[in-house]
Amino acid sequence: MLNKFASSISALLDIRAQGHSLPAGLYVRDDVFEADLDVFFSRHWVYAGLECEVPEAGDAVVLDIGKISVIILRDDDNEIRVVRNVCRHRGSRILDAGSTVISKLVCPYHQWTYELTGELAYAPHMGKDFDKSCRGLKPVHFRSIGGLIYICLADTPPEDIDNLEAVMLPRLAPYDIRNAKVAHQVDVIEEGNWKLTMENNRECYHCSANHPELCVSFVDLDFGFDPDSLSAEDREQAEAHFAMYAERTERWEADGFPSATVEQVRNCETNFRTQRLIIAGAGESQTEDATAASSKLLGQMTRKDLGDVHLWGHNSWNHFMGDHAVTSMVIPLSADKTLVRTKWLVHKDAVEGVDYDLHKLTHVWIETTNQDAELVARSHAGVMDPAYEPGVYSPFSERALDDFATWYVDRMRAHGY
Ligand code: FES
Ligand SMILES: [Fe+2]
């Protein structure tokens, strides 16, 4: 057996078996963590934030990913810009991580000053022949898809984000996420590798035993199940659910709301999956009683019965419902620490205490995220133990994990590992 600490990354990729979780070293080693940052967080499209986080000219959000820091901002022409947070003088960070409001980007070290476009406007004591025109802040490739900002740090970003854009633009349009606002944000640092965070999110095998709040509105059957392991009563319920699902999907599609599952998860660069899910019970929203949390609906929505547009990426999961949306971004911090940043979005004119109650809006996903953090920590601790060996995925409930692990290995290979 390969020593998980002594073998090369390539050898670890070699021994990953189809249908099984990854070899331990791929989850726990520091060199793999560095490789992951390079491959999955520099060379692929990464979900990085929202246009509505920077609604006005001068609003900026700084996001750190490993050694890289980027500034997402809105310039004076109300255009989104994304630039590297590295001064072109001697490299100082210009802004700290987090949100701020600025009229110019001023480097605190020697006051080189940049326009919100990133152009260098002022550089004292550099002499009259100094050429400012070639010393703007480095731009970052970005794509706003219905108000969701994806960035890519590669010189030539993967082109198959076009598919994500083509699929999601019509799905997201009625929710008008550009004109939403962040009603609440929570950062949770999970004590586990980012791939365990993503695996945990891609199955609902664990939902019924761990997520009582979520299961009021979420139907775990939608993420796969073994028909032979259901009791006669459960089988009847499952059949009723899938009949309703087929009927609703057909009706939603007929009403002009794309709903069918679309996935690009293998043999691709940009990994995504979307599906309009049924909301159980009252059917409106992911709240404690499945009724809407905000009486002012998102965008142009007039209906609360359009389910949940679910969208996955390799570092995100999102739920768009009539009254609100929940969007989660995953950023690896170290081999065994992962930031999960969750934002709750409502219509920009919705007023807390009048149109929505913050507790009702946030309760389900605060609880669910905390429960998931606990599961990921347990998972990472077990993978660190010498007794761990790659486990078999359920062919029913964990098919998406096999897709993810396969995509992970393929993309590592494609980038020379
Ligand atoms: S490093 Fe930014 S002004 Fe000198
Ligand atoms: Fe979960």
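Predicted model: local features only at pLDDT ≥ 70, side-chain atom pairs only at ≥ 80, totals over all residues.
Local features need pLDDT of at least 70 and side-chain atom pairs pLDDT 80 or more, while totals for chains, interfaces and linings use all residues. Residues are numbered from 1 along each chain as its sequence is written, and side-chain values use heavy atoms, without hydrogens and water.

**Exercise 1. Locate the two domains and state how far apart their C-alpha centres lie.**

Step 1. Take the bounds from the domain assignment, which is automatic or from a database. Domain 1 covers 46-145, and domain 2 covers 176-414.
Step 2. Compare the centres. The C-alpha centres of the two domains are 33 Å apart.

**Exercise 2. Describe the contact between domain 1 and domain 2.**

Step 1. Count residues in contact (heavy atoms within 4.5 Å). Domain 1 gives 12 residues and domain 2 gives 17.
Step 2. Find the buried area, meaning the accessible area (1.4 Å probe) that two parts lose on being put together, summed over both. The domains bury about 1100 Å² between them. Carbon and sulfur atoms carry 62% of that area.
Step 3. Name the main contributors in domain 1. Tyr47, Leu50 and Cys52 lose the most area to domain 2. Together they make up 49% of what that side buries.

**Exercise 3. Find the salt bridges across the interface of domain 1 and domain 2.**

Step 1. Apply the rule: a side-chain nitrogen of Lys or Arg within 4 Å of a carboxyl oxygen of Asp or Glu.
Step 2. Count across the interface. The rule finds 2 salt bridges there.
Step 3. Inspect Glu53 and Lys343. They form a salt bridge, with the closest N and O atoms 3.0 Å apart.

**Exercise 4. Which residues form an edge-to-face aromatic pair, and which helices hold them?**

Step 1. Pair rings of Phe, Tyr and Trp (its six-membered ring) with centres within 6.5 Å; planes under 30 degrees apart are stacked, over 60 edge-to-face, the rest tilted. The whole structure has 12 aromatic pairs.
Step 2. Pick out Phe41 and Trp194. Their centres are 5.0 Å apart, with 85° between the planes, so the pair is edge-to-face.
Step 3. Phe41 sits in helix H3 (residues 30-41) and Trp194 in helix H5 (residues 194-201). They are 153 residues apart.

Terms used:
Chains lettered and ligands numbered in written order. Helix = DSSP H or I, 4+ residues; strand = E, 2+ residues; numbered from the N terminus.
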